[in-house]
Amino acid sequence: VNLKIYKKTIVDNKEKLDNVTIHPFLDLMQSVNPHFNKFEIMVLTELYLEVCGNAYWWIVRDGLRVPRMIWNIPANWMKIVPDEREFIAGYVMTVPGRAATPVPFQFEDIVHFRVPGIHSLYYGTPWMFGAQYDIDLNKYVKTYGINFLMNNAQPNGVLSTEDSLTQTQWDRLMATWLVRHKGSGNAGKIAILESGIKYEKTGSN
């Protein structure tokens with residue numbers, strides 16, 4: 001991603017944009033931080049906007065308040081602190097799954113990118129929100145299909161017998177049946193039944 005900065009000036013009542021090639025922000029984006037480069041932080045920002053509707057940059061400053069590093073904080077870690085006068089007073093980061101103390105940030109140390117939406121004045125709406133139903137349906141269909149093939153062990157029928165089976169006979173029958181018919185690799189195999197056991201087709205929904 002080629003980032004460019006322009007300086008706007010007015011010449012003869014006309015707006016003019018001059019490309020700025022030397023700027024502290026351009027230098028900062030070349031280094032970002034010791035563990036992430038410009039490409040990675042831009043990709044992470046785009047992903048969080050698509051999935052969460054929000055992306056957060058933590059601007060690390062030196063003693064003179066000059067920006068020295070940028071860190072992309074996961075969107076699900078951040079909470080906005082509303083303010084009656086300033087709209088936003090600051091931000092609080094909480095790392096999930098840990099008994100860590102929430103970390104507050106000043107308003108000026110966080111750059112909050114958000115996809116505007118009607119659901120909140122503070123938080124963005126993910127771009128995939130409109131396709132949420134189709135995405136959920138596709139996920140559940142795939143999950144059902146995988147579970148059906150891998151775990152259902154269903155040969156579209158049931159085994160029945162008029163005799164009572166001992167626990168040992170039941171365990172042996174079930175173990176043999178699962179080995180021969182469970183999983184997609186065993187689909188369609190012919191069942192060989194013991195004397196007195198009947199196979200009744202039930203079909204699948």
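I began with proline 82, whose bridge partner in E6 is isoleucine 88. E5 (residues 78–83) and E6 run antiparallel and are joined by six bridges. I take strands (E, at least two residues) and helices (H or I, at least four residues) as DSSP runs, numbered from the N terminus. Two strands pair if DSSP finds at least two bridges between them.

I noted the source. The model is predicted, so local features need pLDDT of at least 70 and side-chain atom pairs count only at pLDDT 80 or more, while totals for chains, interfaces and linings use all residues. Residues are numbered from 1 along each chain as its sequence is written, and side-chain values use heavy atoms, with hydrogens and water left out.

Back to the strands. How many residues does the hairpin from E5 to E6 pass through? I found three residues in that hairpin. E6 also pairs with E7, antiparallel, over four bridges. There, glycine 90 stands opposite glutamine 106 in E7.

**The sheet and its helices**

I then looked up an open sheet of three strands. Its order is E4-E3-E8, and the pairing is antiparallel. E4 (67–73) and E8 are the edge strands, each pairing on one side only. Neighbouring strands of this sheet are turned by 20° against each other on average, direction ignored. For such angles, axes are lines fitted to C-alpha atoms, for helices over the stretch in contact, and angles run from 0 to 180 degrees between N-to-C directions.

E3 and E4 are joined by six bridges. Isoleucine 59 has isoleucine 70 in E4 as its bridge partner. Helix H1 (residues 24–31) packs on the sheet and touches E3 and E4. I count contact as heavy atoms within 4.5 Å. The direction of H1 makes about 55° with that of E4. Helix H2 (residues 38–51) packs on the sheet too, touching E3, E4 and E8. The direction of H2 makes about 145° with that of E3.

**Aromatic pairs**

I searched the whole structure and got six aromatic pairs. Rings of Phe, Tyr and Trp (its six-membered ring) pair if their centres lie within 6.5 Å; planes under 30 degrees apart are stacked, over 60 edge-to-face, the rest tilted. Tyrosine 56 and tyrosine 91 are edge-to-face, 6.0 Å centre to centre with 70° between the planes. This pair links distant parts of the chain, 35 residues apart: tyrosine 56 in E3 (residues 54–61), tyrosine 91 in E6 (residues 87–93).

Tyrosine 91 is buried at 2%. My cut-offs are under 20% for buried, over 50% for exposed and partly exposed in between (1.4 Å probe, protein chains only). Tyr56, Tyr91 and Phe107 form one aromatic cluster.

**Salt bridges**

My search gave five salt bridges. Each is a side-chain nitrogen of Lys or Arg within 4 Å of a carboxyl oxygen of Asp or Glu. Arginine 61 and aspartate 109 form one, with their closest N and O atoms 2.9 Å apart. The pair spans 48 residues, from E3 to the loop between E7 (103–106) and E8 (110–114). Arginine 61 is partly exposed at 26%, whereas aspartate 109 is buried at 10%. Arg61, Arg65 and Asp109 are linked in a network of salt bridges.

Glutamate 15 and lysine 8 form a salt bridge at 3.9 Å, and both residues are exposed.
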